[in-house]
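Open the structure in your viewer and keep the selection tool ready. The tour goes from one selection to the next.

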Amino acid sequence: MHIELAAVVVDDYDEAIGFFVDALGFDLVEDSPSTTNDGRPKRWVVVRPPGAATGLLLAQADGEDQRKTVGNQLAGRVGFFLRVDDFEAAYARMREAGVTFHGEPRHEPYGSVVVFEDVAGNKWDLLGPRP
């Protein structure tokens, strides 16, 4: 058993794909036409880190209630955690790509860490290897 997907509500599919693929280095696993429960067109967009089993479903906000959650899915808390093998290289690549970071990297018992925002404004921890 494993968690296959977690949804991230975004403003725009293509902008979100660009962020996760270009800035974070994720793979675009699927981008297929789909429909809402009431038959309106949407897309089924899945990205995930290379080699990972769990991915993100990029869900474009549909309606005012969903638009209110963009960037605030977890009430301002860090709610997503991206573990990388080479912290310094990932941090440098993401800075070069224009990713917004909160503070400077620090070293904790669980690895190097720095908070960043995704394209929607949700907070993530970028985590390096455990010491």
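Start with Phe20, Leu58, Phe116 and Leu126: these touch the most other members of the largest nonpolar core, which has 31 residues. A nonpolar core here is a set of buried Ala, Val, Leu, Ile, Met, Phe, Trp, Tyr and Cys residues joined through side-chain atoms within 4.5 Å; buried means under 20% relative accessible area, with a 1.4 Å probe and protein chains only. This is a predicted model, in which local features need pLDDT of at least 70 and side-chain atom pairs count only at pLDDT 80 or more, while totals for chains, interfaces and linings use all residues. Residues are numbered from 1 along each chain as its sequence is written, and side-chain values use heavy atoms, with hydrogens and water left out.

Next, select helix 1 (13–23), which gives the most to this core, six residues. Helices are DSSP runs of H or I with at least four residues, strands are runs of E with at least two, and both are numbered from the N terminus.

Now color domain 1 (1–63) and domain 2 (78–130), whose bounds come from an automatic or database domain assignment. The core draws at least three residues from each of them. Their centres, taken over C-alpha atoms, are 20 Å apart.

Return to Phe20. Beyond its neighbours within four places in sequence, Phe20 is in contact (heavy atoms within 4.5 Å) with residues including Leu58, Trp124 and Asp118.

Finish at Asp118, in the loop between strand 7 and strand 8. Which side chain of opposite charge is nearest to Asp118? It is Lys123, 11 Å away, and the buried Asp118 has no salt bridge (a side-chain nitrogen of Lys or Arg within 4 Å of a carboxyl oxygen of Asp or Glu). A polar atom of the Asp118 side chain does lie 2.9 Å from the backbone nitrogen of Gly121.

Conventions
Buried < 20%, exposed > 50% of the residue type's maximum accessible area, 1.4 Å probe, protein only. Lys, Arg positive; Asp, Glu negative; His and termini not counted. Polar contact = N/O pair within 3.5 Å; in protein donor to acceptor, adjacent residues only side chain to side chain.
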